[in-house]
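Have a look at the structure first, then read on.

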Amino acid sequence: MEKRFATLSASAERVVDAAQRLIQQYGYNGFSYDDIAREIDIKKPSIHHHFRTKADLVHTIVQRYGDRFATLLRAIDETGEDAPARLARYGELFAATYRQDRRLCVCGILGAEAAAMSPEVALEVRAFFQLNLDWLAKTILDGERAGLLRVRGGAEAQAYGLLSALEGAMMVGRGCGSDHSPALAGTTYVSNMLV
């Protein structure tokens with residue numbers, strides 16, 4: 001599949017960056033091209049020049065976000081650390097996002113609004129979650145095979161639980177107006193699997 005974000009001009013990149021921040025703060029339906037224009041001091045027709053529709057823009061954002069996340073997961077694997085340490089690093093990815101003005105995961109917030117999005121965007125969001133679930137299940141299985149993690153119900157079920165705990169911790173933290181790190185939810189979840 002074509003990577004829409006791979007050949008963005010500097011101007012288009014600014015639009016994508018601003019729209020991503022707005023999604024992370026207000027969700028898919030919480031921003032417009034007018035909001036982007038105000039945020040980066042650009043004319044609205046210039047945004048339409050780069051992204052004909054909001055769906056095109058959000059599709060690009062989700063593709064780029066997923067690609068960047070995949071790069072971070074590879075970097076975690078390349079540390080050579082054991083599974084519990086890699087899972088802790090994974091939880092820190094969510095904490096780092098949340099520390100930026102209580103921002104939510106782009107795909108977490110879009111997942112909650114899937115019915116309002118184009119099928120192409122919904123598929124990209126689904127692909128992001130599958131990437132995470134696959135990585136988590138493999139890492140949890142590595143930990144179980146090394147005798148470091150106790151897995152009940154299978155690695156896939158535990159992966160789903162951990163991803164849900166992290167995404168949910170961000171939502172609940174935002175809802176409560178709390179600065180508590182979502183990584184705490186992940187740490188608690190992983191510590192319950194430790195041998």
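Which hand does the crossing of H8 and H9 have? That crossing is right-handed. Keep in mind that this is a predicted model.

**H8 against H9**
- The axes of H8 (residues 155–176) and H9 (residues 182–191) come within 7 Å and cross at roughly 155 degrees.
- Angles over 145 degrees count as roughly antiparallel, so that's the label for H8 and H9.
- On the H8 side, the contact uses Ala 157, Gln 158, Gly 161, Leu 162, Ala 165, Leu 166, Ala 169 and Met 170, while H9 brings Pro 182, Ala 183, Ala 185, Gly 186, Tyr 189 and Val 190.
- Sorted by type, the residues of this H8–H9 contact come out as 11 nonpolar, three polar and no charged.

**H5 against H8**
- H5 (residues 83–98) packs with H8 at about 25 degrees, and their axes are 11 Å apart.
- Under 35 degrees counts as roughly parallel, so H5 and H8 get that description.
- The crossing of H5 and H8 is right-handed.
- Among the H5 residues meeting H8 are Leu 87, Tyr 90 and Phe 94; H8's side includes Leu 162, Leu 166, Glu 167 and Arg 174.
- The H5–H8 contact splits into eight nonpolar, three polar and two charged residues.

**H4 and the residue after it**
- Just past H4, Gly 80 has a positive phi of about 75 degrees.

**The annotated stretch**
- UniProt (unreviewed entry) puts "domain: HTH tetR-type" at residues 9–69.
- Those residues, 9–69, are 79% helix and 0% strand, with the end C-alpha atoms 21 Å apart.

Notes. Residues numbered from 1 in each chain as written. Predicted model: local features only at pLDDT ≥ 70, side-chain atom pairs only at ≥ 80, totals over all residues. Heavy atoms only, no water. Helix = DSSP H or I, 4+ residues; strand = E, 2+ residues; numbered from the N terminus. Axes fitted to C-alpha atoms, helices over the stretch in contact; angles between N-to-C directions. Parallel < 35°, antiparallel > 145°, perpendicular 65-115°, else oblique. Left-handed = near helix turned anticlockwise from the far one by under 90°. Contact = heavy atoms within 4.5 Å. Nonpolar A, V, L, I, M, F, W, Y, C, P; charged D, E, K, R; others polar. UniProt positions renumbered as here; feature names shortened; annotations may be inferred.
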